[in-house]
Amino acid sequence: MARFLIVEARFYAALNDMLVNGARAALKAAGHKADVITVPGALEIPAAISLADATGDYDGYVAIGVVIRGETYHFEIVAGESARGIMAMTMDGLAIGNGILTVENEAQAIVRADPAQKDKGGEAAKAALALYELREKFGA
């Protein structure tokens, strides 16, 4: 049994609840444990994962958040930089599933977050599980 950390940027509570529930369900179905921590925004997710990984307490991570396009360039920065930070850590061998939604509006976010619809939280957890299993297979 592995231990995973779900790191959520809790900006949209109802959407995050759906994403976290999907991630928890996928990890539980695979027989693993999950803890959840909350950070202020999506930009803080990579730093939180890095800090948690330094403890050696976790085998994998699931990044959860929602970034909805607004009227400014901020959307591109948050979406791009959070993804870049997560990708850099996966290239270093961390098992991370990226469940940060980057959408145009709340309606798109609901469809993607809802476990009964697209279940992107569950998909992110399954991606983390797949990377964890590959790391175990290759002995990394």
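Trainee: Let's start with charged pairs: how many salt bridges does the structure hold?

Mentor: There are 7 salt bridges in the structure. The general idea is that side chains of opposite charge can pair when their charged atoms come close. The cut-off here: a side-chain nitrogen of Lys or Arg within 4 Å of a carboxyl oxygen of Asp or Glu. Before we go on, a word on the ground rules. This is a predicted model, in which local features need pLDDT of at least 70 and side-chain atom pairs count only at pLDDT 80 or more, while totals for chains, interfaces and linings use all residues. Residues are numbered from 1 along each chain as its sequence is written, and side-chain values use heavy atoms, with hydrogens and water left out.

Trainee: Got it. Which side chain meets Arg3 in a salt bridge?

Mentor: That's Asp35, with an N to O distance of 2.6 Å. Arg3 sits in strand β1 and Asp35 in strand β2, so this pair ties together parts that are 32 residues apart in sequence. Strands here are DSSP runs of E with at least two residues, helices are runs of H or I with at least four, and both are numbered from the N terminus.

Trainee: Is Arg3 buried, partly exposed or exposed?

Mentor: Go by relative accessible area: buried is under 20%, exposed is over 50%, and partly exposed is in between, using a 1.4 Å probe and protein chains only. Arg3 has 33%, so it counts as partly exposed. Asp35 comes out at 26%, so it is partly exposed as well.

Trainee: And which residue forms a salt bridge with Arg69?

Mentor: Glu76 does, and the closest N and O atoms are 2.5 Å apart. Glu76 is partly exposed at 31%, and Arg69 is partly exposed at 33%. Some bridges share partners, too: Glu8, Arg10 and Asp17 are joined into one network that way. Glu8 is buried at 5%, whereas Arg10 is partly exposed at 34%.

Trainee: On to rings. How many aromatic pairs does the structure hold?

Mentor: The structure has 3 aromatic pairs. One of them is Phe11 with Tyr12: the ring centres are 5.1 Å apart and the planes stand at 75°, so the pair is edge-to-face. In general, a pair of aromatic rings is described by the distance of the centres and the angle of the planes. Rings of Phe, Tyr and Trp (its six-membered ring) pair if their centres lie within 6.5 Å; planes under 30 degrees apart are stacked, over 60 edge-to-face, and the rest tilted. Phe11 is exposed at 61%, and Tyr12 is partly exposed at 27%. Another pair, Tyr58 and Tyr61, is tilted, at 6.1 Å centre to centre and 55° between the planes. Both of its members are buried: Tyr58 has 16%, and Tyr61 has 1%.

Trainee: Where does Ile6 sit, and what does it touch?

Mentor: Ile6 is in strand β1, residues 3-9, and at 0% relative accessibility it counts as buried. A contact means heavy atoms within 4.5 Å. Not counting residues up to four places away in sequence, Ile6 touches a set of residues including Val20, Leu27, Val36, Ile37 and Ile64.

Trainee: Where is His32, and which backbone nitrogen lies 2.8 Å from a polar atom of its side chain?

Mentor: His32 is in the loop between α1 (13-29) and β2 (33-39), and it is buried at 17%. The nitrogen belongs to Ala2. Beyond four places in sequence, the contacts of His32 include Met1, Phe4, Leu129 and Tyr132.

Trainee: What about backbone angles: what is phi of Asp119 near?

Mentor: The general idea is that most residues other than glycine have a negative phi. Asp119 has a positive phi, near 50°. Asp119 lies in the loop between α4 (106-113) and α5 (120-138), and it is buried at 17%.

Definitions and conventions: Polar contact = N/O pair within 3.5 Å; in protein donor to acceptor, adjacent residues only side chain to side chain.
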